[in-house]
Amino acid sequence: MQQGTAPLTGWPAFNTMRACYQCAKCTSGCPVATLDPEYNPRRFLRLAAIGEKEAVLKDEKLWYCLACFTCQERCPEEARPAEVLLALKNLACERGFAPEALLAAARLVAADGRLYNIDEFHNEYREDEGLPALDEETGILGKLLALTSLQGRLEG
């Protein structure tokens, strides 16, 4: 487990982030930063590069990234900021810093393959809207996820 200010490892994106020279093209093109001036993807890369892992992983704004990859397309140094942010989110999940609402949704999908159960009521609604009925049984995604260890990792 990585502690203190040791460099981040374990995700390929953590190697590319060192190419970032803080030009701010990622942040200036970010649609989230347009809406929330306090959101700054460049700051996350900088903190991660200097080893301030806990500050990044505990910051709720890390989860504001929409993964639109605009930052990555604008980066002149191919630091791959979108991939760095995704890797940081994965690391935050591993360390137990993911938002509870996200974990609750992940638990539902891991258990049933869906965010909510499909029943007769839902299929009647779908029929009224001209949509085909859905299978009320657990979806294929739930069956596939049951073969993984995701459910256990979500529980703790």
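Reader: What volume does the largest cavity have?

Author: About 100 Å³. A volume here is the space filled by probe spheres set on the grid points, which are joined across faces, edges and corners. The model is predicted, so local features need pLDDT of at least 70 and side-chain atom pairs 80 or more, while totals for chains, interfaces and linings use all residues. Residues are numbered from 1 along each chain as its sequence is written, and side-chain values use heavy atoms, without hydrogens and water.

Reader: What makes a space a cavity, and what a pocket?

Author: On a 1 Å grid over the protein atoms alone, a cavity is a set of points where a 1.4 Å probe fits but cannot get out. A pocket is an open set with protein on both sides within 12 Å along at least five of seven lines. Lining residues have an atom within 4 Å of a point. The count comes to two cavities of 30 Å³ or more.

Reader: Which residues line the largest cavity?

Author: There are 13, and Cys20, Cys23, Cys26, Cys75 and Pro76 lie nearest its centre. By class, 10 are nonpolar, one is polar and two are charged.

Reader: Why is the lining of the second largest cavity called nonpolar throughout?

Author: Ala, Val, Leu, Ile, Met, Phe, Trp, Tyr, Cys and Pro count as nonpolar, Asp, Glu, Lys and Arg as charged, and the others, Gly among them, as polar. This cavity of about 80 Å³ has Cys30, Val32, Tyr39 and Leu85 among its lining residues. The division is 11 nonpolar, no polar and no charged.

Reader: Why is helix 4 called roughly perpendicular to helix 7?

Author: Helix 4 (residues 41-49) and helix 7 (residues 81-94) pack at about 65 degrees, with axes 10 Å apart. Angles of 65 to 115 degrees count as roughly perpendicular, so helix 4 and helix 7 get that name.

Reader: Which residues meet there?

Author: Pro41, Phe44, Leu45 and Ala48 in helix 4 meet Pro81, Val84, Leu85 and Leu88 in helix 7 (contact means heavy atoms within 4.5 Å). Eight are nonpolar, with no polar and no charged residues.

Reader: What lines the largest pocket?

Author: The pocket holds about 510 Å³. Its lining has 18 residues, with Cys93, Glu94, Leu103, Arg153 and Leu154 nearest the centre. Helix 7 gives the most, five residues. The classes are 10 nonpolar, three polar and five charged.

Definitions and conventions: Axes fitted to C-alpha atoms, helices over the stretch in contact; angles between N-to-C directions. Helix = DSSP H or I, 4+ residues; strand = E, 2+ residues; numbered from the N terminus. Parallel < 35°, antiparallel > 145°, perpendicular 65-115°, else oblique.
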